[in-house]
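Subject: Structure handover

Hello,

Here is the structure for your files. My notes on what was found in it follow below.

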Amino acid sequence: MEDKFDCIIVGAGVAGLAAAMTLARQNMKFLLIERGEFPGSKNVSGGVLWGTDLHRLVPEYWKEDAGWERYIQHRRLTFMDEQSAFSIDFKSSHFQEPPYTGVVVLRSRFDRWLAEKVQEAIDASDYAMDSFIATDILVEDLVHDEHGQVVGIRAGEEEFHAHCVILAEGVNNLLTRKAGLQEAYVPADHMLTGVKEIIRFDQAVLEDRFQLHGNSGMSNEFIGYATNGVEGGGFLYTNRDTISIGLVLGLKDLREKNQKPYDILNHFKTHPAIADMIRGGEVVEYSAHVVSSGDNRVMPKKLSKGGLMVCGEAANLLLNAGKAIQGMDYAMRSGILAAEQAVASKASGDFGESAMKGYEKALNDSYIMKDIRNFQDAVHLLHDPVMTSKMPNLICDFGRNFFSIKNQPTKKSRAMLHDSIQKHASYWDLLKLGARGAKAL
Ligand SMILES: Cc1cc2nc3c(=O)[nH]c(=O)nc-3n(C[C@H](O)[C@H](O)[C@H](O)COP(=O)(O)OP(=O)(O)OC[C@H]3O[C@@H](n4cnc5c(N)ncnc54)[C@H](O)[C@@H]3O)c2cc1C
């Protein structure tokens, strides 16, 4: 290996691979380092990759029967109480046309496939013999020059040098903290833990049960009973012949309520609506991973310094405002933006602090930071206890009355709603929620 790279990327998750693909296409000499045995081996995701950036990285990826599982054609948001499920359901043939609005991925398969695509791009570049994807290597520290500018990384006894480093190390961002860009201590109330199972079915059974055809798929998010009173939510996504089912749960709330994620997942799976969906399936994988809450109070104060840029979940780029978890698309776009800055810096010969700020500016101007800023109120609202139980209970109670037909006079819907409000919340709760909701959405 020659000793100086244009760029070193730490972490071959979505952000690191997106940065690597962008660099390879722009004829940059780079080193991508991953601590796992292969890209994807350490990665957990629910996971729908939203948006169309994948098409930017691997044009017409849908023509390949690899990497991704199913495109999202059917979306559902479900409020749950103990026995009922009240859903907002949307299915559209508009979503059948590529580039799709989102594709379900299994990270161990997806990241590996994307890494193969990056290798193909390296092989086609001027640096086919000088750019590398290196696995099974843990980056332990950054190397600085005498002016404090980052000029490389250290792994064990070895140092590798570069004009700049992109940190794409994910939520457990130890190097970002070492670089002084984030507080060493992040409070637990801003972090969640994700638990997920993969359940296998006969493919025909899965397709019949979820009304899928070809590669169409469904995403379902859950609010209420799913989390057994703990802050958070549930999800279910259809893969080729498996489903991903899981929860994201507030770490602080879990600790305070003395509950265990796996017990809550089992409890979720016994709900009548879920039990019907997973009947006959075989659990083939279980995983757990920390995930950011999307609260921008825990974002690193800065996402760059001389010779260094931070992207993906290492930069806490994540949003869950109730509609979907967006982490992978943010990782992908921020990785592309960081790589584009590295290319621009190579052209100008300037990798200093103000040049690296170009990346932060691009991120700020992108949909990522616009959405994170715009939907902070929604993030806080979703984590409010009223959303964990009172609202889902009220909605399900109303649904139960509304959809029951009895041999007796039927109440007007507004009277039913009044009864449900009296039973599960108060008009004051609703007023506060309405005011916050109007601001948030
Ligand atoms: C249960 C769950 C469900 C989720 N569902 C969704 C979803 O449906 N949609 C969505 O968009 N997002 C979802 N997310 C969030 C999404 O998974 C993350 O936002 C995304 O993976 C972030 O990508 P990344 O590349 O920044 O980090 P990661 O994917 O975490 O990748 C970081 C990589 O860096 C490597 N690494 C770390 N430190 C070092 C080091 N020192 N040296 C070398 N390598 C290192 C790691 O091994 C890893 O491969 C979910 C997360 C969880 C936990």
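Arg-70 is part of strand β4, which covers residues 70–80. Please keep in mind throughout that this is a predicted model. With a relative accessibility of 0%, which is under the 20% limit, Arg-70 counts as buried. A polar atom of the Arg-70 side chain lies 3.1 Å from the backbone oxygen of Gly-214.

Gln-26 sits in the loop that runs between α1 and β2 (30–33). In sequence, Gln-26 and Ser-125 are 99 residues apart, while their C-alpha atoms are 8.1 Å apart in space.

Next, the domains. The assignment divides the protein into domain 1 (4–41 + 107–182 + 299–365), domain 2 (70–104 + 188–294) and domain 3 (379–440). Taken over C-alpha atoms, the centres of domain 2 and domain 3 are separated by 23 Å. Domain 2 gives 16 residues to the contact and domain 3 gives 13 residues.

The remaining notes concern the ligand. There are 36 residues around the ligand, and those that come nearest are Glu-34, Arg-35, Arg-107, Glu-313 and Met-328. How do the residues of this shell divide by type? The count is 18 nonpolar, 12 polar and 6 charged. Domain 1 and domain 2 each supply at least three residues to the shell.

- Val-139: a polar backbone atom is 3.0 Å from a nitrogen atom of the ligand.
- Glu-313: a polar backbone atom is 2.8 Å from an oxygen atom of the ligand. Glu-313 is also among the residues that come nearest to the ligand.
- Ile-325: a backbone N or O atom lies 3.1 Å from a nitrogen atom of the ligand.

The protein buries 97% of the 1,000 Å² that the ligand exposes when taken alone. Which elements give two or more residues to the shell around the ligand? They are α1 (14–25), β13 (232–238), β15 (282–292), β19 (325–326) and α9 (328–348).

Regards

Notes:
Residues are numbered from 1 along each chain as its sequence is written. This is a predicted model: local features need pLDDT of at least 70, side-chain atom pairs count only at pLDDT 80 or more; totals for chains, interfaces and linings use all residues. Side-chain values use heavy atoms; hydrogens and water are left out. A residue is near a molecule or strand if one of its heavy atoms lies within 4 Å of it. A polar contact is a pair of N or O atoms within 3.5 Å; within protein, one must be able to donate a hydrogen and the other to accept it, and residues adjacent in sequence count only if both atoms are side-chain atoms. Accessible areas come from the Shrake-Rupley method with a 1.4 Å probe; for residues, only the protein chains shown count as cover. Helices (H or I, at least four residues) and strands (E, at least two) are DSSP runs, numbered from the N terminus. Ala, Val, Leu, Ile, Met, Phe, Trp, Tyr, Cys and Pro count as nonpolar, Asp, Glu, Lys and Arg as charged, and the others, Gly among them, as polar. Domain bounds come from an automatic or database domain assignment. Buried means under 20% relative accessible area, exposed over 50%, partly exposed in between (1.4 Å probe, protein chains only). Contact means heavy atoms within 4.5 Å.
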